[in-house]
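The sequence and structure are shown first.

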Amino acid sequence: MTSYFRPAATLLLLMTIITGGFYPALVTLLAQTVYPAQANGSLIRDKQGQTIGSALIGQGFSQARYFWGRPSATAPSPYNAAASGGSNLGPTNPALRDAVTQRIQALQQLDSGNHAPVPVDLVTASASGLDPHISIAAALYQIKRVAKARKLEESAVRDLIESHIEPRQWRVFGEPRVNVLALNLALDAYAQTTQP
């Protein structure tokens, strides 16, 4: 019996060192060397170096002067990474229909002159509830509201959107999209340069 114990204990110790120490240290070193920004959470910082968000997690913008992202279904607060998950409401669920109707009404109240169809990603949550991106159509839909609230030319706001379009991942996966936080930061910076 003891002849089995020693090799088992040695193997356990060896595997613990390899998988619990060596391998994580190697992966961490490679990540910090090759992809340091991604390894540290893809954080976005302001000019003073303060962290203001992550390129991977949406934020709740609700003022008319900002572009809005996808609604978040996380609880107890929106865009709560600790509670990542969708609403799990099916397309025939009356609660989903009511939530979508309320979101459409909120968008139309702030932008009463906009009669374009509301893009679906502005009124439905993503599967994670944390999506930081919106479709190009969702960004273009909001141009009039944002330009009016900031007293900017619509063409200037459109140019900002076009300069922040991210292509498909590896030019294959997903659709072209716009990161809402990055776009709103660029919008703030642009508005500061155009103010007298």
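## Strand pairing and hairpin

Strand E1 (residues 43–45) and strand E2 (residues 51–54) run antiparallel and are joined by 3 bridges; strands count as paired if DSSP finds at least two bridges between them. Helices (H or I, at least four residues) and strands (E, at least two) are DSSP runs, numbered from the N terminus. Leu43 has Ser54 of E2 as its bridge partner. The two strands E1 and E2 form a hairpin with 5 residues between them, and Gly49 in the turn has a positive phi of about 90 degrees.

## Basis of the values

This is a predicted model, in which local features need pLDDT of at least 70 and side-chain atom pairs count only at pLDDT 80 or more, while totals for chains, interfaces and linings use all residues. Residues are numbered from 1 along each chain as its sequence is written, and side-chain values use heavy atoms, with hydrogens and water left out.

## The buried face of H6

Helix H6 (residues 154–163) has Ala156, Val157, Leu160 and Ile161 buried; buried means under 20% relative accessible area, exposed over 50%, and partly exposed in between (1.4 Å probe, protein chains only). Seen down the axis of H6, its buried residues fall within an arc of 145 degrees, so they line one face of the helix; the arc is that of the directions from the helix axis to the C-beta atoms.

The cover over these buried residues includes helix H4 (136–141), helix H5 (143–150), strand E4 (165–166), strand E5 (177–179) and helix H7 (180–194). Contact means heavy atoms within 4.5 Å.

## Helix packing around H6

The axes of H5 and H6 come within 9 Å and cross at roughly 120 degrees. Axes are lines fitted to C-alpha atoms, for helices over the stretch in contact, and angles run from 0 to 180 degrees between N-to-C directions. H5 and H6 are therefore oblique to each other (under 35 degrees counts as roughly parallel, over 145 as roughly antiparallel, 65 to 115 as roughly perpendicular and the rest as oblique). The contact is made by Ile143, Lys144, Val146 and Ala147 of H5 with Glu154, Val157, Arg158 and Ile161 of H6.

The axes of H6 and H7 come within 10 Å and cross at roughly 140 degrees, which makes H6 oblique to H7. Here Ala156, Leu160 and Ile161 in H6 meet Leu183, Ala186, Leu187 and Tyr190 in H7.

## Positive phi in two loops

Lys151, in the loop between H5 and H6, has a positive phi of about 60 degrees although it is not a glycine. Lys151 counts as exposed at 75% relative accessibility.

Trp170 lies in the loop between E4 and E5. Its phi is positive, about 55 degrees, although Trp170 is not a glycine, and at 66% relative accessibility Trp170 counts as exposed.
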